[in-house]
Amino acid sequence: MEIVVEAKGIHKVFGTKTNLIPVLEGVDVTVHEGEFVGIMGPSGAGKTTLLNIIATIDQPTSGSIRIDGTEITGMRDEPLSEFRRSNLGFIFQDYNLLDSLTIRENIMLPLAFANQSYVTTDLKVNEIAEKLGIAPILERYPFETSGGQKQRTAAARAIIHNPKLVLADEPTGALDSKASMDLLTAFQMMNREYRTTILMVTHDAFAASFCDRVIFMKDGRLFTELVKGDKDRKWFFDQLVTTLSSLGGGRYDVI
Amino acid sequence: MTLYDVVLKNLKHNIGKYAIYIASLVFSVLIYFTFVSLQYNEQISEAFGRDDKMGPLLSVVSVLLAVFMIVFVWYSNAFFITNRKQEIGLYSLVGGTKKEIGRMLFYENVCLCLLALGIGIGLGQLFSTFFSMILLKVMGISLVVHFSINLGAVVQTAFVFGAIMLIASLHGYLLVYRFRLIELFQAKHRVQTQWKPSYLLAVLALGLIGAAYWSLLHAYNSESWSKHFGRNMTLALIVLVAGSYLLFHTSSSFFVELWQRRKKAYYRWKNLLTLTQLKSRLKSNGLLLTVVSVLNGMTLVAFGFAYTMYFNTMQTLDDHVPYSYQLDVQSVEMNDEITKVLYENKEHPVLFDETFDYLMVPGTAEGLDTVPGGYFYYEESFAVLPVSTYNLLAEQLGRNEMNPIDAGETVMLGRNFIGSQHEEENVGRTVELTGEEGEFSFRVVENRIESLFSYDVQPSVLIVDNGMYERLIKGNAVMTTRVVTVDNQLEAEALTEDLRTVIASGEPKEDYQRAPKVFYSFTDSYQTAQSIYGLLVFVFGFMGLVFLIATGSVIYFKTLTEAAEDRRRYEILRKIGLSRRKVKQVIARQTYLLFLLPLLVGIAHSCVILGSLSKVMDIQFIYPVSICIAVYTCLYWVYYKMTVATANKLVNP
């Protein structure tokens, strides 16, 4: 299988010269095409920083990242924007939808920047909205929809342009269990039907149990990795919880 | 859907945010256009007529207003774009390059600016008519102001604003380049840095301000100030500004810290909530507060000064212009004609009418401490009168009569229009006067601060013994002048016009070449003074209003942005049990200091500067300046109330 993300020796240090805080201390991550990978770990482990670096939103202090074979560290702003436009999709905890646009318009925003034709755009939006169960609300504005619908809108926006990789940062963080379930099912569908590669940061074992593989982080390093294989989600969930409690030294409360 | 649609939709949706931005653009266009159209207004420039020295003043002010406009537009543009960080971040995230986003915002801004230009000029048209009326009113000119559209003003405003808006739009374009995507996601968990208060800087701030105050207040009897007034004033102002900046930026946290140490006061909930935030507010807004306080101070000084001049001149004009009319008698026929006009009018009965002689005598003033300006103006001559004539006039003017003086003695008369005078000036010094018999030396025995003529440039007057006067007559020009005072002289404009017609019909005699102008009237002087000082008051008042609105809006915007950022904080406060009323109190308290501090510092600075000027120039500022400060404070209070209400609506729905 083709490698989508290949991050090697990622270091990230925050702070000023006198007060350096290392956040990532040599992290290696590899994600293959079509994989649905989760990143878990206690607060402050560096999960979000790692995601932001892979998302090209933040730069690593040292290390190399190749996405779909392209080295993205040290890329200039202009090509980086174009790279993001065609290769990456994003989903955040707080949706980041534009209040001024309808759900439909929000979804097609990436295509607007890519100057896609009107007809293909409409077809695509309708298709994806149908799959994600938001077709009936396409003409509404974000404030008229629920959190779960907003997040599925964000998911639709993240995949509308067929990106190589979708990055999700705590996508279920603000959702109730029903909405979480819907969203994660949608992710699974995206992953299976469109062969979208998804990298998701979460602290929720339930969300992580939808992944094929979960990477655990602690104190800026990779701690361990769990693979679901052909076992079921229930089994995987139990495994995750067990690992988490060992990781947090018993202080990590998952339930 | 194209990017154009996105922008348009965004505009429609966020019309509120845009409205504030457009409003500030419109405001700056409005101000500038109103002023420029006053400048171009034909009725007004005709009304100035003789005083074309007012032209340059208006030009300087319009440049100042343009500078203000640059700052204001620049600031609101930056504010507007920074407030849209999230939107811009999102565009960037879904693949917009900075070039595309920058261009999008640039076009949008150009459209907004054009819109603002149109509205601003439209409103300015109405305002300028209104302001022309005020201007003419304070200048004492009665004219019906016509509504007229001034193409010159429109073109100049469009040009200046166009240039500024282009610069501001480019600035916005560049701002987009400076945004880093990560900031969008980090803004939420930004940690405020703590700093240690410094005794040293606190002392330094107070020291700088104190030193500037001390120097200003001792300016009136300082050698250095009387020689280098401009230089010292500039230095003092720089030190003041530096001190104020330190005070706000660095030392304020120190004083808040001192307050916090008093636990009894600190632990009261209101203080606890206010002080912690205030510490960071004052520091991060240090520059803003300094600018605001300096602008406040400047406005108060400028307006206070102009208003005082207006006020004082109108009050003391009869000291400088003692008679209703002063005419140099040219011929018997004309004199009769004048008498006829004077006594035939019924509204203004003649109170007194005197004709007297005086001499214009060339002399040497080297022996004097201070040589009066009038001496040089009248070709190094003094106006010489005998004691008897002086006493005659003094009786009519209600002044103290003079005892006979010795042949070698003289009394000097003179009153400066501006500037302090010492009673004992030149007393004991000598003056030489030249007659046909040769040089005569006189010792100044007394100095009286009064004027004996209505001339707009007063000659320096020497009163000499009657006998000496007779001897000086030989070889010197004898001037005959007639002074008249009528009842209710302030409203004697029609009479003045009649007299002027009579005077204009005659030709001035040749040997009057050294003598001053022929006809002086109180009404003319009054009108001239009113138009000059009225214009000053208007111009400074106008600028004061501009600065007031500008500083007020800057604090307003600032408070609202911060309130929006703190919305969650207030939500938490409410959730942990603070009532809405109390949350409002917290907001009011924080806002109140942001308004009060720069106002207080501004008032303090302006009072010291005006106090210093008042001593140097011997003018009383207290009454007019108190009015200015009161008005300014009231308007500021209105702004404060408005800000609290809006902020409260925002965070405490």
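Author: Let us begin with the contacts of a single residue. Two residues are in contact if their C-beta atoms, placed from the backbone, lie within 7 Å. Leaving aside neighbours within four places in sequence, A:Leu167 is in contact with A:Leu51, A:Ile54, A:Ala55, A:Leu88, A:Phe90 and A:Leu199. This is a predicted model, in which local features need pLDDT of at least 70 and side-chain atom pairs count only at pLDDT 80 or more, while totals for chains, interfaces and linings use all residues. Residues are numbered from 1 along each chain as its sequence is written, and chains are lettered from A and ligands numbered from 1 in the order in which they are written.

Reader: Which residues touch the most other members of the largest nonpolar core?

Author: A nonpolar core is a set of buried Ala, Val, Leu, Ile, Met, Phe, Trp, Tyr and Cys residues joined through C-beta atoms within 7 Å. A residue is buried if 20 or more other C-beta atoms lie within 10 Å of its own, exposed if 12 or fewer, and partly exposed in between, with C-beta atoms placed from the backbone. The largest core here has 231 residues, and those touching the most other members are A:Ile54, A:Ala155, A:Leu167, A:Leu199, B:Val29, B:Tyr32 and B:Val384. Helix α20 (residues 522-565) of chain B gives the most to this core, with 19 residues.

Reader: How many helices and strands does chain A have, and how many does chain B have?

Author: Helices (H or I, at least four residues) and strands (E, at least two) are DSSP runs, numbered from the N terminus. Chain A has eight helices and ten strands; chain B has 23 helices and nine strands. Of the 255 residues of chain A, 47% count as buried, and of the 653 residues of chain B, 38% do. Among contacts between residues at least 6 apart in sequence, 70% in chain A join residues at least 24 apart; in chain B the share is 85%.

Reader: Which elements of chain B give two or more residues to the side that touches chain A?

Author: In the contact between the chains, 22 residues of chain B meet 22 residues of chain A. On the chain B side, the elements giving two or more residues are α1 (3-13), α5 (85-93), α6 (98-138) and α8 (181-186). The largest share, six residues, comes from α1(B). Ala, Val, Leu, Ile, Met, Phe, Trp, Tyr, Cys and Pro count as nonpolar, Asp, Glu, Lys and Arg as charged, and the others, Gly among them, as polar. By these classes, the side of chain B that touches chain A has nine nonpolar, eight polar and five charged residues.

Reader: At what angle do α6(B) and α7(B) pack?

Author: Two packed helices are described by the angle between their axes and the distance between the axes. Axes are lines fitted to C-alpha atoms, for helices over the stretch in contact, and angles run from 0 to 180 degrees between N-to-C directions. α6(B) and helix α7 (residues 151-178) of chain B pack at about 155 degrees, with their axes 9 Å apart. Angles under 35 degrees count as roughly parallel, over 145 as roughly antiparallel, 65 to 115 as roughly perpendicular and the rest as oblique. α6(B) and α7(B) are therefore roughly antiparallel to each other. The residues of their contact divide into 14 nonpolar, five polar and one charged.

Reader: Which helices of chain A pack with their axes 7 Å apart?

Author: Helix α3 (residues 103-113) and helix α5 (residues 147-159) of chain A do, at an angle of about 30 degrees. That makes α3(A) roughly parallel to α5(A). The contact is made by A:Ile103, A:Asn106, A:Ile107, A:Leu109 and A:Pro110 of α3(A), together with A:Thr153, A:Ala156 and A:Arg157 of α5(A). By class, this contact has five nonpolar, two polar and one charged residues.

Reader: What is phi of A:Thr56, and what is phi of A:Asp219?

Author: Most residues other than glycine have a negative phi. Phi of A:Thr56, however, is near 65 degrees, a positive value, and phi of A:Asp219 is near 50 degrees, also positive. A:Thr56 lies in the loop between α1 (47-54) and β4 (62-67) of chain A; A:Asp219 is in the loop between β9 (213-218) and β10 (221-227) of that chain.

Reader: Why does A:Thr56 count as buried, and why does A:Asp219 count as partly exposed?

Author: A:Thr56 counts as buried because it has 21 C-beta neighbours inside 10 Å. A:Asp219 counts as partly exposed because it has 14 C-beta neighbours inside 10 Å.
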